[in-house]
Amino acid sequence: MSVTFRQGACANLPVAASVAAYGSVLGILAAKQQISWQTLLTMNLTVFAGSAQFVMVEMWLPPLPVLEMVLGVMVINMRYLLIGASLRPLFAGRPLWQKALGMHLVADENWAVTMAAHRRGQGSVGFLLGGGVCLLTVWCGGTLAGHRLGAIVQHPEAFGLDFAFVAVFTALLVGFWRERSDWLPWCGAAVLAVATSQLLPGKWYIVCGGIGGALIKTGQAIWRQGRQAAEQKVPGGSGPCA
Amino acid sequence: MNLQDHNDLMLLAIAGAALATYALRIGGLLLADRLPHTGAFKTFLEALPGTILISIVMPGIMAAGIWGWIAAAMTALLARKTGNTFVAMLAGVAVVALSRFLTV
């Protein structure tokens, strides 16, 4: 456990600087909204979802619109339903308590890094947790630094740090390519994601693109099976009974 | 509104957000556990990581314009050639940062 835990933590370091920089931006925003650092820390530890926390802090004007906040968080985090489902092979055969504990520490970044490692036969629950603890630590460090001291980086975009997330996910994406027939599902997902991002707010584009692309892949597999079954029915003449 | 009411609402908002987020995280896994472990649903689940990742990156690449495409292509190429996520990421970030530095 401890070796994979450490490997998982190290594997998430490439994205850690960006996570901390954006954390510090959230910290400043929270301080402006008169959120105490203790409250911010509680939010970090219990919600642990970057974009959702940004939305919460932006809506943080008394009297707090609790219902709108929770609904907003749900909509933004809807993608975790898919991400959670995709972790099934990783948690296969694990007891419920490990699933219950492990899933709290799942963020986009350590999920992607772990799934990429799993593809290479390495990722495990310990690896995922190590990544989660690494991200949680830098997230807390970044947000609190921003809250108490001001931004680590005033405008992360100027240094291309917003693109760091895109770049890390792009680098990991390469490892998921399996065969030429992946073109269609991937292009489908890309088109759906871009179209959705223009039409719907929040993170719906991840949900729509993810489901749409995976459905295309499933359709391809069913169609291929159907064709194979049809070919087997046709008397070929080369069979053992011919 | 007094301070006590504000604190109560604060607690409620954080607890609600935390519960909603956790329910989605664990719900996805437990739901998948109950669905078939073979056939079409298995294919669907196995395709998800790739299609989710491409959906995450696409709007970001588009938003960064032509330099976003160049940076993404370079990142993918380096990831493929070196197998080093960190180096690949740095290259992509450097391209976007440089393009912004030059155009501002």
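**Figure 1. Residue classes in the lining of the second largest pocket of a predicted model.** The lining of the second largest pocket divides into 16 nonpolar residues, one polar and one charged, where Ala, Val, Leu, Ile, Met, Phe, Trp, Tyr, Cys and Pro count as nonpolar, Asp, Glu, Lys and Arg as charged, and the others, Gly among them, as polar. The model is predicted, so that local features need pLDDT of at least 70 and side-chain atom pairs count only at pLDDT 80 or more, while totals for chains, interfaces and linings use all residues. Residues are numbered from 1 along each chain as its sequence is written, chains are lettered from A and ligands numbered from 1 in the order in which they are written, and side-chain values use heavy atoms, with hydrogens and water left out.

Figure 2. Of its 18 lining residues, Leu173(A), Trp183(A), Trp186(A), Ile54(B) and Ala76(B) lie nearest its centre; on a 1 Å grid over the protein atoms alone, a pocket is an open set of points where a 1.4 Å probe fits, with protein on both sides within 12 Å along at least five of seven lines, and lining residues have an atom within 4 Å of a point. Helix 3 (65-82) of chain B gives the most to this lining, with six residues (helices are DSSP runs of H or I, at least four residues, numbered from the N terminus).

**Figure 3. The largest pocket.** About 850 Å³ of space lies in the largest pocket, and of the 28 residues that line it, Tyr22(A), Ser51(A), Glu109(A), Phe165(A) and Lys203(A) are the closest to its centre. Helix 11 of chain A gives the most to the lining, with five residues, and helix 2 (39-63) of chain B is among the elements that each supply at least two. The lining of the largest pocket comprises 19 nonpolar, three polar and six charged residues.

**Figure 4. The contact between chain A and chain B.** Chain A brings 78 residues and chain B 65 residues to the contact (heavy atoms within 4.5 Å). The area buried between the two chains is about 6000 Å², of which carbon and sulfur atoms give 79%; buried area is the accessible area (1.4 Å probe) that two parts lose on being put together, summed over both. Two salt bridges are counted between chain A and chain B (a side-chain nitrogen of Lys or Arg within 4 Å of a carboxyl oxygen of Asp or Glu). Arg100(B) forms a salt bridge with Asp162(A), with the closest N and O atoms 2.8 Å apart.

Notes. Grid points are joined across faces, edges and corners, and a volume is the space filled by probe spheres set on the points.
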